[in-house]
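Biologist: I have a sequence and a model open side by side. Please show me how to read the features.

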Amino acid sequence: MSVLAENLLDRWIALAGTDSEAIGIGIIGRYAEPHRHYHTLTHLSVMLAAVDELADAATDIDAVRYAAFFHDAIYAVDRADNEERSADLARDVLESLGATPELVHEVMRLVILTRGHNPEAGDANGAVLCDADLVVLGGTAQEYAAYAAAIREEYRHVPDDLFRAGRASVLRNLAEQPRLFRTPRAYQRYEGPARANLAAELIGLSG
């Protein structure tokens, strides 16, 4: 197990308890699947760090952290139901760990919310999770370019014209939201750079 995976496992055990180690190894191992180039251990680690940064804005930070672990646990580029399947996995795992029905329901809701990253006003947990998932958009131009290249690599089987059209649709849906980031801290730090990065990629996709 890599150092990064070990660090993630430590975080999982701190969250779910020492008896959950084997389950944590299985969940974390999913992020090391060979077809992944962006939705990887690194993405999960960055996302959890962002959750830590935004934790004060959540009302149930444990639910948010569980949702981060599960949100891309099932990731197949040829399917459109990854979030739903990941939410079902979260349900099965959390129920096996004796989680309350309220926690199970909230984690499932949050995982599915990462499909569109559009939490409703007042959804504190959803705002923190979605903001953490989108921090990559607010990186430097070089970091954003690496992210975009990794996404393209995950879809390398898709012809350029189809990929450009699909990717542009996803980016436009994000860009049309009044705010990409809902928590005040993330909005202040990432909104401007993210808007610039999205605009630049959309121009590139149309070229």
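Biologist: What covers the buried residues of α2?

Modeller: First, the ground rules. This is a predicted model, in which local features need pLDDT of at least 70 and side-chain atom pairs count only at pLDDT 80 or more, while totals for chains, interfaces and linings use all residues. Residues are numbered from 1 along each chain as its sequence is written, and side-chain values use heavy atoms, with hydrogens and water left out. Buried means under 20% relative accessible area, exposed over 50%, and partly exposed in between, with a 1.4 Å probe and protein chains only. Contact means heavy atoms within 4.5 Å. Now your case: the cover over the buried residues of α2 includes α1 (3–16), α3 (41–54), α4 (61–70) and α5 (82–96).

Biologist: Which residues of α2 are buried, and why do they line one face of the helix?

Modeller: In helix α2 (residues 21–30), they are Gly24, Ile27 and Ile28. Viewed down the axis of α2, these buried residues fall within an arc of 95°, so they line one face. The arc is taken over the directions from the helix axis to the C-beta atoms.

Biologist: How many helices and strands are there in the protein?

Modeller: Helices (H or I, at least four residues) and strands (E, at least two) are DSSP runs, numbered from the N terminus. Here there are 10 helices and zero strands.

Biologist: What span should α3 have?

Modeller: The expected span of a helix is 1.5 Å times one less than its number of residues. The 14 residues of α3 should therefore span 20 Å, and its end C-alpha atoms are 20 Å apart, which agrees. The buried residues of α3 are Leu41, His43, Leu44, Met47, Leu48, Ala50, Val51 and Leu54. Their cover includes α1, α2, α4, α7 and α10 (184–206).

Biologist: What radius of gyration does the protein have?

Modeller: The radius is taken over C-alpha atoms, and the globule rule is 2.2 Å times the number of residues to the power 0.38. For 207 residues, a compact globule would have a radius of gyration near 17 Å; the protein has 17 Å, which agrees. Along the principal axes, its C-alpha atoms fill a box of roughly 55 × 35 × 30 Å. Buried residues make up 47% of the 207 residues. Of the contacts with a separation of 6 or more, 64% are between residues 24 or more positions apart.

Biologist: Is Glu191 buried or exposed?

Modeller: Glu191, in helix α10, counts as buried because its relative accessibility is 7%. For its partners, a polar contact is a pair of N or O atoms within 3.5 Å; within protein, one must be able to donate a hydrogen and the other to accept it, and residues adjacent in sequence count only if both atoms are side-chain atoms. A polar atom of the Glu191 side chain lies 3.1 Å from the backbone nitrogen of Phe181. Leaving aside neighbours within four places in sequence, Glu191 is in contact with Pro178, Arg179, Leu180, Phe181 and Ala186.

Biologist: Where is Asp123 found, and what does its side chain reach?

Modeller: Asp123 is in the loop between α6 (101–113) and α7 (124–134). Its relative accessible area is 16%, so Asp123 is buried. The Asp123 side chain reaches the backbone nitrogen of Gly126 at 2.9 Å. Beyond neighbours within four places in sequence, Asp123 is in contact with Arg109 and Leu113.

Biologist: What phi does His117 have?

Modeller: His117 has a positive phi of about 50°, although it is not a glycine. His117 is placed in the loop between α6 and α7 and is buried, with a relative accessible area of 12%.
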